[in-house]
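Here is a short report on one protein chain. Look at the sequence and the 3D view first, then read on.

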Amino acid sequence: MRVSESREAKDRELRALQAALAAEHAAVYGYGVVGGRIGKDRSTEARTAYDAHRARRDALVRTVKDAGGAPVAAAAGYALPFPVPDAAAALRLAAELEDRVAGVYADLVRASGGEQRRGAAEAMREAAVRSVRWSGESVAFPGLAERGGTASGTPAPTA
């Protein structure tokens, strides 16, 4: 591989890492909303997902730094994709957050290799499983079908 191709691959991976970090920032914010509206019967599940996204976010900050990047900062707030007035809407939001996170990790799988690719695939799988738990529905290829209409590398979700 030539030096320029190697640099392009590293840049592509860093952009995908930054997009995953942005998605985790948004998911943490979104789960704050979910946690405030979800019914008591699913509050532990929401807290577990919130903690998982915080842990992924923190790990991505370190990974971006290790890759020579300045980690993208969290926004002060995020536009929700729809109003979340009650527990039913909170369930839909949680599933939407997970679908969007899975899509961003699918991009990271494509942009990376080795251990980074394995970690991204694991994160994509975890998000897909949480999405199914929240929505009760699944897709054949998590992280891909959900990407309809979004550009690769866009810092989704807009939680």
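## Helix 3

Helix 3 has 25 residues, which should span 36 Å at 1.5 Å a residue. Its end C-alpha atoms are 36 Å apart, so the model agrees with that expectation. The expected span is 1.5 Å times one less than the number of residues. Helices here are DSSP runs (H or I, at least four residues), and strands are E runs of at least two, numbered from the N terminus.

At the start of helix 3, a side-chain oxygen of D86 comes to within 3.3 Å of the backbone nitrogen of A88.

## The model and the whole chain

This is a predicted model: local features need pLDDT of at least 70 and side-chain atom pairs pLDDT 80 or more, while totals for chains, interfaces and linings use all residues. Residues are numbered from 1 along each chain as its sequence is written, and side-chain values use heavy atoms, with hydrogens and water left out.

The chain has 4 helices and 0 strands. Along the sequence the pattern reads α-α-α-α. Of its 159 residues, 38% count as buried. Buried means under 20% relative accessible area, exposed means over 50%, and partly exposed lies in between (1.4 Å probe, protein chains only).

Now take contacts, meaning heavy atoms within 4.5 Å. Among those between residues at least 6 apart in sequence, 79% join residues at least 24 apart.

## Helix 1 against helix 3

Two packed helices are described by the angle between their axes and the distance between the axes. The axes of helix 1 (residues 3-37) and helix 3 (residues 87-111) come within 9 Å and cross at roughly 170°. That makes helix 1 roughly antiparallel to helix 3. The axes are lines fitted to C-alpha atoms, for helices over the stretch in contact, and angles run from 0 to 180 degrees between N-to-C directions. Under 35 degrees counts as roughly parallel, over 145 as roughly antiparallel, 65 to 115 as roughly perpendicular, and the rest as oblique.

The contact of helix 1 with helix 3 has 21 nonpolar, 1 polar and 6 charged residues. Nonpolar covers Ala, Val, Leu, Ile, Met, Phe, Trp, Tyr, Cys and Pro; charged covers Asp, Glu, Lys and Arg; the others, Gly among them, are polar.

D11 lies in helix 1. D11 is partly exposed, with a relative accessible area of 29%. Its side chain makes a polar contact of 2.8 Å with the side chain of R7. A polar contact is a pair of N or O atoms within 3.5 Å; within protein, one must be able to donate a hydrogen and the other to accept it, and residues adjacent in sequence count only if both atoms are side-chain atoms. D11 and A111 are 100 residues apart along the chain, yet their C-alpha atoms are separated by 9.2 Å.

## Helix 2

Helix 2 (residues 43-66) has 24 residues and reaches 35 Å from first C-alpha to last, close to the expected 34 Å. Its buried residues include A46, A49, H53, R57, L60 and V64. Their cover includes helix 1, helix 3 and helix 4. After helix 2 comes G68, with a positive phi near 90°.

A52 sits in helix 2. At 23% relative accessibility, A52 is partly exposed.

## S131 in helix 4

Is S131 buried or exposed? S131 is buried, because its relative accessibility is 4%. The residue belongs to helix 4 (residues 114-135). Its side chain joins that of D99 in a polar contact of 2.5 Å. Leaving aside neighbours within four places in sequence, S131 touches A95, E98, D99, G136 and E137.
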